[in-house]
There are 2 protein chains.
Amino acid sequence: MPPTARERVRAELTAEITAAARRQLAEVGAAALSLRAVARELGMASSALYRYFPSRDDLLTRLIIDGYDALGAAAEAADDPTAAPRERWVAVCRAVRGWARAHPHEYALLYGSPVPGYAAPRDTVPAAARVGVVLGRVLGDAARSGALPAVTGVPRDRSLISDETAAVLGGGHPALDDAVRLRALLAWSSLYGTISFELFGHLVGSVEDADRYFDAAMAELAGLVGL
Amino acid sequence: MPPTARERVRAELTAEITAAARRQLAEVGAAALSLRAVARELGMASSALYRYFPSRDDLLTRLIIDGYDALGAAAEAADDPTAAPRERWVAVCRAVRGWARAHPHEYALLYGSPVPGYAAPRDTVPAAARVGVVLGRVLGDAARSGALPAVTGVPRDRSLISDETAAVLGGGHPALDDAVRLRALLAWSSLYGTISFELFGHLVGSVEDADRYFDAAMAELAGLVGL
DNA sequence: CCGGACCGAGAGCGCCGCTCTCGCCCAGGA
DNA sequence: TCCTGGGCGAGAGCGGCGCTCTCGGTCCGG
């Protein structure tokens, strides 16, 4: 059956709340995000918000999922499947960094310290995987076109990377070399480390030109994974 | 002149406060660290704490500096200058990860999202650099012994890495190749990214054996910098 | 010995997350 | 048509937070 009028207005108000919360998040950061302030901005009593989100953590979870989705969308939009693998790789990395710089507090919410007593629900996993999927597709396409170094053919006794992650990182390619999987996951961690270092201020005074440093670093990582 | 009795007892109480705060930090994390709870643990009025720390952020700053120092000490202790460069590199990385796993909340305070309105004072810089110094010394020693790839000798028009950081990363070696400097900084970012991913739960389900994955990843990074 | 610096305690302010209760309003069944 | 029940917003309130101010007490140096 179609949504009733009640359900529609409820969904609208829920969207308004998340929108206001996202504004707050962008302004003051996750730690200072206050349910009461969101309610004030919306002109309603703070207690009324609890009809829509059982707790502040649930509101944050909503923002986390939306953030992963927005980041994933940015990465997907930046990938041009017709370009050369190495350029695709760097372009996606640039897009991730660009999104992070445009939304620093959201990025910090996604990849910074987890909030105090908060354990990421499983809902966030598929959204969080989107960037990995894009990176994996670049790798998989490169492997299919033979641009990746040859498979050694000597599998280790036990793989370091789980099968699901290997599938994502392989981008549909059936059997990426275990070393490539490892390097792909390492590169993804390194992308995250590089962006976080820059955003969280650990690079101030160390890097002269952040843009050029990032491009050079991503080129190194592309070389590491074999692109 | 020697410290007066007043100064001594003041220093002692300050130490007790930071110790209690460090316990709180280890238990509940930085975001939930409460000045009032520290005061309760010490059996004093919360207002009395402000005689010793002007604000919660100042107490946090103290903990941050101590954390950097402890981490730096762990890294220094793990470095055996008589070992082979590659083993030294991996050993230091292992030590950093070990400290991070033993003190997850402190690590998150150091390298996670910066706290809301908090801007890291300059006091934290020297303490924060200690790990970099250790890593740089490994690199510099390797370069001096000729274990690092030959310098290309073609400097870029402008260095990406600042002179001070290049000096630290060079570990006293006069002229490390610019590419090596870049890779060293990238490797340091990657070490941080790898540990953070593991600690913040972004690797759950992706990595089968965290210990083996970390060792393999650090070996890759060692190869990247030329060790 | 005395004045002033230092100190701890208490009360209080404005926030916060969260709960409970109370009236309202509107939709759907009798 | 009326009535009733469920969703809803508002208000009051609880305990906890960071932080400030004021007030006595203590102790040290001149």
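Start by selecting helix H6 of chain B, residues 104–111. Helices here are DSSP runs of H or I with at least four residues, strands are E runs of at least two, and both are numbered from the N terminus. The buried residues of H6(B) pack against helix H10 (178–199) of chain A, and also against helix H1 (5–28), helix H4 (56–78), helix H5 (85–102) and helix H10 (178–199) of chain B. Buried means under 20% relative accessible area, exposed means over 50%, and partly exposed lies in between, with a 1.4 Å probe and protein chains only.

Before moving on, a word on what is loaded: this is a predicted model, where local features need pLDDT of at least 70 and side-chain atom pairs count only at pLDDT 80 or more, while totals for chains, interfaces and linings use all residues. Residues are numbered from 1 along each chain as its sequence is written, chains are lettered from A and ligands numbered from 1 in the order in which they are written, and side-chain values use heavy atoms, with hydrogens and water left out.

**Stop 1**

Colour H6(B) by burial. Glu106(B), Tyr107(B), Ala108(B), Leu109(B), Leu110(B) and Tyr111(B) are the buried ones.

The axes of H1(B) and H6(B) come within 7 Å and cross at roughly 95°; axes are lines fitted to C-alpha atoms, for helices over the stretch in contact, and angles run from 0 to 180 degrees between N-to-C directions. The two helices are therefore roughly perpendicular, on a scale where under 35 degrees is roughly parallel, over 145 roughly antiparallel, 65 to 115 roughly perpendicular and the rest oblique. Show Arg22(B), Leu25(B), Ala26(B), Glu27(B) and Val28(B) of H1(B), which meet His105(B), Glu106(B) and Leu109(B) of H6(B). Contact means heavy atoms within 4.5 Å. These residues divide into 4 nonpolar, 1 polar and 3 charged, where Ala, Val, Leu, Ile, Met, Phe, Trp, Tyr, Cys and Pro count as nonpolar, Asp, Glu, Lys and Arg as charged, and the others, Gly among them, as polar.

**Stop 2: across to chain A**

Select H4(A), residues 56–78, and H6(A), residues 104–111: their axes come within 9 Å and cross at roughly 105°. H4(A) and H6(A) are therefore roughly perpendicular to each other. On the H4(A) side, look for Leu60(A), Leu63(A), Ile64(A), Gly67(A), Tyr68(A) and Leu71(A); they meet Glu106(A), Leu109(A), Leu110(A) and Tyr111(A) of H6(A). This contact divides into 8 nonpolar, 1 polar and 1 charged residue.

Follow the chain out of H4 to Asp79(A), in the loop between H4 and helix H5 (85–102). Buried or exposed? At 8% relative accessibility, Asp79(A) counts as buried. Beyond its neighbours within four places in sequence, Asp79(A) is in contact with Arg88(A), Val92(A), Val134(A), Arg137(A) and Val138(A).

Zoom out to chain A as a whole: 11 helices and 0 strands. Buried residues make up 46% of its 227 residues.

**Stop 3: the nonpolar core**

Which residues have the most contacts inside the largest nonpolar core? They are Trp89(A), Trp89(B) and Tyr213(B), in a core of 138 residues. Such a core is a set of buried Ala, Val, Leu, Ile, Met, Phe, Trp, Tyr and Cys residues joined through side-chain atoms within 4.5 Å.

Centre on Tyr213(B). Leaving out neighbours within four places in sequence, its contacts are Leu160(A), Ile161(A), Leu182(A), Leu185(A), Leu186(A) and Ser189(A), together with Thr194(B), Leu203(B) and Val207(B).

Next, pick Ala187(B) in helix H10 of chain B, buried at 0% relative accessibility.

**Stop 4: cysteines and exposed arginines**

Select Cys93(A), buried at 0% relative accessible area, and Cys93(B), buried at 1%. A search of the whole structure finds 0 disulfides, meaning pairs of cysteine sulfur atoms within 2.5 Å.

Finish with two arginines. Arg36(A) sits in helix H2 (residues 35–42) of chain A and counts as exposed at 59%. Arg51(B), in the loop between helix H3 (46–49) and H4 of chain B, is exposed at 66%. Its C-alpha atom is 9.7 Å from that of Arg10(B), 41 residues away along the chain.
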